[in-house]
Amino acid sequence: MWSAFANPERFERLAARLVPWFGWGAAILFAIGLPWALIISPPDYQQGDTVRIMYVHVPSAWLSMAAYAGLGGASFVYFIWRHNIADLAAQALAPIGAVFAFLTLATGSLWGRPMWGTWWEWDARLTSMLVLFLLYLGYMALRAAIEDERLAARAGAILAMAGLINLPIIKFSVDWWNTLHQPASVIRLDGPTIHMSQLWPLLVMALAFTALMTALVLMNVRNMSLAKRAEARARRRIEGEGT
Amino acid sequence: MSAFAAVFVREWRLAAAGGGGPAGPAAFMLAALALVPLAIGPDPDILRAAAPGVIAFAALLASLQGAERLFGDDLSDGTLELYALSPVSLTALSVIKAGAYVSAVLWPAPLIGFVAAMAYGMDGPSAGALSLGLVLALPGLALVSGFAGALAAGVKRSGLLIALIAAPLQVPLLVFVAGAGRAALEGTGLAGANLMLAGAFSLAALALAPFGMAAALRGRLE
Amino acid sequence: MAEFFAMGGHAVWVWSCYGLSAGGIAFLIWLSFRQRARAREWQKLSGDGQP
């Protein structure tokens, strides 16, 4: 199954066809989701209008985690089968995941100010997200530090797989830390109280974010692949002229 | 003497002698722990409450100090290529390196941790629990630092990169070691659970990290 | 309209979150288009005009 995507030209053609679908799909979903989230959905009886932050905070969190799962998965495929497209996918996913992790932290902080009265609460999920953000930074720093491209890809793949294995353990340890030492007075953001009138716009927004990320990843992988092959051709040509 | 034992002896001697051996990380940890009270003030209550976390954190930082040298030197002078040709596999070499790093370089950390815990006003049993936590966590800390060191081997000024890679992966150990000390201090009865979790993390790291290190090194040698 | 922008007195928090998210997404889209420009540049250098 993977070999179908391993051929760069075939992947490029497929991606070129899929990008507009996901791109316009994302645009349409945003056109539905944004008014729904900002106008139609009712304010929360406890949180008032700040609950609308949830419609960008939760999709960001979901994407940052999905992107890391994708990063680990793509790294695994690259590591085992050496398919360059998988490495390009990992390379494309890292900055996107990092940006969404940062957005999750920033919107979480801005949500916390009116809800908890503090900019930052050492709440288990925000702290895990902070560690996830650091994992993304470490991955990108490692790739940037190694000059040889294949070596960087390999080292990055190993680190991403290790991070993916360790992530549930980190999550567990942070939850453990939090339940042991946190006074229980913190207002929980989650809980079973999410109402249907909030769930639907949340789903639409999450889909919109996901479609957008898919479009960007496909587009980046395609362009990186095109650039790589064109670069190789250009080098061959220059070397040919030189002799 | 088997090849495994011979390599371990060599690595142990090199680790103990080169770059000051255990003195470097130990001095670093001591300095860090001596400065903390100057930073947060001499209030005994605050110091006692902060002690488990601060000490675990200092040990984590100390474990990162030598990680750069763990594989970097062997890669630059070609020793690693000879190892790759030897009957000792790169996976076994990774275990040896981490073991030598713990037993020759990092071993003072639990002792310093114990003394510092007493100096910060923790009672004896709690300081002992914290110190035991450090003993259990050291293999894990060394393996994760070594993993980051193997990935960053050959990179110029890799120290900062290693810290950025290893620190988030070491979060669970930090939580469990500090948690053991704090649970003992507060008498919540969870010190044992924290200690077991720290040991479990070290075991899991022992089962997985050597393969990661070997894979990273193999890439370097190709 | 003014009521909509006031967000029940939480305007600062809600709009700064949406603004930040829009900024982050715009940054990612900019990165993607920069990558596309780079790919085109290499294709020009490599000598085949096709996009």
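**Chains A, B and C of a predicted model**

Good morning. Chain B and chain C do not touch, and their nearest C-alpha atoms are 23 Å apart; contact here means heavy atoms within 4.5 Å. Two pairs of chains do touch, and the pair formed by chains A and C has the most contacts.

A word on conventions. This is a predicted model, in which local features need pLDDT of at least 70 and side-chain atom pairs count only at pLDDT 80 or more, while totals for chains, interfaces and linings use all residues. Residues are numbered from 1 along each chain as its sequence is written, chains are lettered from A and ligands numbered from 1 in the order in which they are written, and side-chain values use heavy atoms, with hydrogens and water left out.

I begin with chain B. Chain B contains eleven helices and zero strands, where helices (H or I, at least four residues) and strands (E, at least two) are DSSP runs numbered from the N terminus. Its radius of gyration is 18 Å, close to the 17 Å from the globule rule for 222 residues, so chain B is as compact as a globular protein of that length. That radius is taken over C-alpha atoms, and the rule is 2.2 Å times the number of residues to the power 0.38. Along the principal axes, the C-alpha atoms of chain B fill a box of roughly 55 × 30 × 30 Å.

Of the contacts in chain B with a separation of 6 or more, 80% join residues 24 or more positions apart. Buried residues make up 54% of the 222 residues in chain B; buried means under 20% relative accessible area, exposed over 50%, and partly exposed in between, with a 1.4 Å probe and protein chains only.

Let me turn to chain A. For "transmembrane region", an unreviewed UniProt entry lists several spans of chain A, among them residues 21-41 and 124-142; such annotations may be inferred rather than shown by experiment. In the model, residues 21-41 of chain A are 95% helix and 0% strand, with end C-alpha atoms 27 Å apart. Residues 124-142 of chain A are 100% helix and 0% strand, and their end C-alpha atoms are also 27 Å apart.

Finally, one residue of chain C. Is C:Ser21 buried or exposed? C:Ser21 is buried, with a relative accessible area of 2%. C:Ser21 lies in helix α2 of chain C, which covers residues 11-46. Not counting residues up to four places away in sequence, C:Ser21 touches A:Val56, A:Leu103 and A:Thr107.
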